[in-house]
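Student: I'd like to go through this model term by term and hear what stands behind each label. Could you set each value against its definition for me?

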Amino acid sequence: MERKVITKIKKGYMSKPKKDEEGWWYMEEIREGIKQAFKELRKKENGKFFARMNFWCCQSCAWYEVGDKQDEGKIGNNVVFYHSQDNDDLDNRGRVHLSHEGDTKKIVEILEKHNLILRWDYSEGTRIEVVGIQQELEEGTRISNSFIEA
């Protein structure tokens, strides 16, 4: 299947793409997809499903805070987040790694429902990488991490 780089998009439909050695990507659409997925996840477990973007400075500090919130009963056992260093990766590389614990199947299901493209080995010990987003451009045309399928 031939792939073509998108050159024409309706004004205002997608953010300005960035390009690196691996191709084009759309940071704002990826961030919005994660935001909507996390919003949906937070509604689970009577609001005790913990899903946060740009949470703390690093993974160590973030997990420490998560542990405190769990000890206080403010959140349940289902957790997904990325920290500010991951946020920098999203800004600079168009990818972000999500830390997680608990019902990872539900986390992945909701992320994919919001058209996020994931890379993960299904191990609890590894983070989920969001590598792109699928977007509808025109009827019958889908974008997959900034490439359209001919």
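Tutor: Gladly! The expected span of a helix is 1.5 Å times one less than its number of residues. Helices (H or I, at least four residues) and strands (E, at least two) are DSSP runs, numbered from the N terminus. This is a predicted model, in which local features need pLDDT of at least 70 and side-chain atom pairs count only at pLDDT 80 or more, while totals for chains, interfaces and linings use all residues. Residues are numbered from 1 along each chain as its sequence is written, and side-chain values use heavy atoms, with hydrogens and water left out.

Student: How do you know what span is expected for H2?

Tutor: H2 has 13 residues, and at 1.5 Å a residue the expected span is 18 Å. From its first C-alpha to its last, H2 reaches 18 Å, close to that expectation.

Student: Which residues of H2 are called buried, and what makes them so?

Tutor: Buried means under 20% relative accessible area, exposed over 50%, and partly exposed in between (1.4 Å probe, protein chains only). In H2, Ala62, Val66 and Lys69 are buried. They cover an arc of only 65° around the axis, so they sit on the same side of H2; the arc is that of the directions from the helix axis to the C-beta atoms. On the other side of H2, Ser60, Tyr64 and Asp71 are exposed.

Student: What do the buried residues of H2 pack against?

Tutor: They pack against E4 and strand E5 (79–81), where contact means heavy atoms within 4.5 Å. After H2 comes Gly73, with a positive phi near 75°.

Student: Which residues other than glycine have a positive phi?

Tutor: Asn46, with a phi of about 55°, is one of them. Asn46 lies in the loop between H1 and strand E4 (50–52), and its 80% relative accessibility is why it counts as exposed. Trp56 also has a positive phi, near 65°. Trp56 is found in the loop between E4 and helix H2 (59–71), and its relative accessible area of 44% makes it partly exposed.

Student: How many disulfides does the structure hold, and how do you know?

Tutor: A disulfide is a covalent bond between the sulfur atoms of two cysteines. Here, a disulfide is a pair of cysteine sulfur atoms within 2.5 Å. The closest cysteine sulfur to that of Cys57 is in Cys61, at 3.6 Å, so the two are too far apart for a bond. The sulfur of Cys58 is 3.6 Å from its closest cysteine sulfur, in Cys61, and that is too far for a bond. The structure therefore holds zero disulfides.

Student: Are Cys57 and Cys58 buried, exposed or partly exposed?

Tutor: Cys57 has 36% relative accessibility and counts as partly exposed, whereas Cys58, at 17%, counts as buried.

Student: What makes a set of residues a nonpolar core?

Tutor: The members must be buried Ala, Val, Leu, Ile, Met, Phe, Trp, Tyr and Cys residues, joined through side-chain atoms within 4.5 Å. In soluble globular proteins, nonpolar side chains tend to be buried together. The largest nonpolar core has 22 residues, of which Ile34, Phe38, Leu41, Val80 and Leu98 touch the most other members. Two or more residues each come from helix H1 (27–42), strand E6 (96–101), helix H4 (104–113) and strand E8 (128–138). H1 gives the most to this core, with six residues. A second, separate core of seven residues includes Phe50, Phe55, Val79 and Phe81.

Student: Which residues does Ile34 touch?

Tutor: Leaving out residues up to four places away in sequence, Ile34 touches Met53, Tyr82, Val96, Leu116 and Val130.

Student: Why is the pair of Phe50 and Phe55 given its name?

Tutor: Rings of Phe, Tyr and Trp (its six-membered ring) pair if their centres lie within 6.5 Å; planes under 30 degrees apart count as stacked, over 60 as edge-to-face and the rest as tilted. The structure holds four aromatic pairs. The ring centres of Phe50 and Phe55 are 5.0 Å apart and their planes are at 70°, so this pair is edge-to-face.
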